[in-house]
Amino acid sequence: MSVEYEKKLEERIHRELLKVPERAAPETLIPAVMTVIQAPSKLEQAVHQQLATLPEREAPEALISSVMAKIQARAARPWLRRPIPQWPRQNQFVFVAVMLALICGAVLGLGKVWPHEAISEIPSQAAAAIEPVRPAWNVLETLTRAAAMIVRSLSQPWLIALGSGFLFVYLSCIGMGMAWYRVTFQKPRLAHA
């Protein structure tokens, strides 16, 4: 499903759920909450126990039928209207072959249309475009060769330790990034007792 379709579907479900009347809290919930306020550590547990006694809310019948109709309509689409990864395998192969043929035809056609003199000038034009960055390239090449000489001069235990250190730093960065993502973007989930 596309992101846009999922957003529209979510908005539609939200609108339909807003039509459902709100449930009133059970009469036993309010006194239980008032008694637990003095002991905040048990508040979550008491609320969870009281809410567990409530029956599940039923979705409106119009919502269920409209969502199922949309899902069936998407499933009944012809293969050409679906995303390429959902096409039949043979059609995917034909599509790739046709695209490759078009690219090859375009490259060969370009060679026939353009004069050969213009094509032969491309390497000299590329060399002229690269000329301003040549000093930086020379410095980078020198630093790379120096690093290669240092690595060649190290013994195997040092290389293993260095590789292990780089691997540790790399995995630490990935772990810290994942932790940051969870803290920043994911919604908190309540633990079910």
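This short talk covers a nonpolar surface patch, a pocket and some salt bridges. The model is a predicted one, and the values I give are computed from it.

I'll start with the patch. Seven side chains make it: I150, V151, L154, W158, L159, L162 and F166. Together they form a nonpolar surface of about 690 Å². Two helices, α8 at 134–153 and α9 at 156–185, each supply at least two of the residues. Which of them gives the most? That is α9, with four residues.

I150 sits in helix α8. Its relative accessible area is 52%, and the cut-off for exposed is over 50%, so I150 counts as exposed.

Next, the second largest pocket. Its volume is about 160 Å³. The lining consists of Y5, K8, L9, E11, R12, R15, S66, V67 and K70. Here again two helices each supply at least two residues, namely α1, 3–18, and α4, 61–75. The largest share comes from α1, which gives six residues.

Side chains of opposite charge can pair when their charged atoms come close. A search of the whole structure turns up four salt bridges, and I will go through some of them.

K8 pairs with E4, and their closest N and O atoms are 3.3 Å apart. Both residues belong to helix α1 and are four residues apart, which is about one turn of the helix. E4 has a relative accessibility of 55%, so E4 counts as exposed.

Another salt bridge joins E16 to K19, with 3.4 Å between the closest N and O atoms. Are these two partners buried or exposed? E16 is buried, because its relative accessible area is 11% and buried means under 20%. K19 is exposed, at 61%.

Then there is R134 with E131, where the closest N and O atoms are 3.4 Å apart. R134 has a relative accessible area of 37% and is partly exposed. E131, at 44%, is partly exposed too.

Terms used
Residues numbered from 1 in each chain as written. Predicted model: local features only at pLDDT ≥ 70, side-chain atom pairs only at ≥ 80, totals over all residues. Heavy atoms only, no water. Patch = residues over 30% accessible without salt bridge, like charges linked within 9 Å, V, L, I, M, F, W, Y side chains within 5 Å. Areas by Shrake-Rupley, 256 points an atom, 1.4 Å probe, with all protein chains shown as cover. Buried < 20%, exposed > 50% of the residue type's maximum accessible area, 1.4 Å probe, protein only. 1 Å grid on protein atoms, 1.4 Å probe; cavity = no way out; pocket = protein on both sides within 12 Å on 5 of 7 lines; lining within 4 Å. Points joined across faces, edges and corners; volume = space filled by probe spheres on them.
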